[in-house]
Amino acid sequence: MPIGIAINVGDGNFELHTGLITMVQANQFHGLPSEDANAHLQHFLKLCDTIVIKDVEPESIRLSLFPFSLSEKAKQWFYKEKEAIKTWDKCSVVFLTKFFPMGKINALRGWILNFQQSSMETILEAWERLQDYIQACPHHGIENWLVLQNFY
């Protein structure tokens, strides 16, 4: 029977209410190639940012809820990796490493680095399109100054 990761919550304990778990389960990530791991993580963090439990760190809430946001292949992966996951930062990095493949990162980096405004779009439309690429891969590793220089 798989159990969650051990979470240090200090001196207190907290309980995740079923309504909260149900909200998280409404948008599960299955680990399919067609799914966007980054979008799942962003949605999950946005949901977690709305939750405040007195005397409990947000990281503890995230680590407790994250397994409920996973299903099938992704949940199996999580339980295999749970020993290596001690912090939220580590969890998110390991998750993206597994489910946001390097080929996809390289493709998005290429779109960002080789960005060009099309003849039919305004500067504002071009900027918004570039921002969409950046949002799709916030861990692209390209310095902001270089993104701006390429856009210019």
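How many helices and strands does the secondary structure of the chain come to? The count is eight helices and zero strands, where helices (H or I, at least four residues) and strands (E, at least two) are DSSP runs, numbered from the N terminus. Keep in mind that this is a predicted model, where local features need pLDDT of at least 70 and side-chain atom pairs count only at pLDDT 80 or more, while totals for chains, interfaces and linings use all residues. Residues are numbered from 1 along each chain as its sequence is written, and side-chain values use heavy atoms, with hydrogens and water left out.

**The whole chain**

- Going along the sequence, you read the pattern α-α-α-α-α-α-α-α.
- The C-alpha trace spans about 55 × 30 × 25 Å along its principal axes.
- Of the 152 residues in the chain, 37% are buried; buried means under 20% relative accessible area, exposed over 50%, and partly exposed in between (1.4 Å probe, protein chains only).
- Take the contacts (heavy atoms within 4.5 Å) between residues at least 6 apart in sequence: 65% of them join residues at least 24 apart.

**Surface and charge**

- The chain exposes about 9800 Å², and carbon and sulfur atoms supply 55% of that; the areas come from the Shrake-Rupley method with a 1.4 Å probe, and for residues only the protein chains shown count as cover.
- There are 13 positive and 17 negative charges, and their mean positions are 7 Å apart. Lys and Arg count as positive and Asp and Glu as negative, leaving out His and the chain ends; each charge is placed at NZ of Lys, CZ of Arg, CG of Asp or CD of Glu.

**Helix H1**

- Leu20, Ile21 and Val24 are buried in helix H1 (residues 18-25).
- Looking down the axis of H1, these buried residues fall within an arc of 100 degrees, so they line one face of the helix; the arc is that of the directions from the helix axis to the C-beta atoms.
- Helix H2 (37-48) and H3 are among what covers the buried residues of H1.

**Two loop residues**

- Serine 69 sits in the loop between helix H3 (58-65) and helix H4 (72-81), and serine 69 is buried, with a relative accessible area of 1%.
- Beyond its neighbours within four places in sequence, serine 69 is in contact with Val24, Asn27, Gln28, Phe29, His40 and Phe44.
- Proline 101 lies in the loop between helix H5 (88-99) and helix H6 (102-113), and proline 101 is partly exposed, at a relative accessible area of 43%.
- The C-alpha atoms of proline 101 and lysine 82 are separated by 20 Å, with the two residues 19 apart along the chain.
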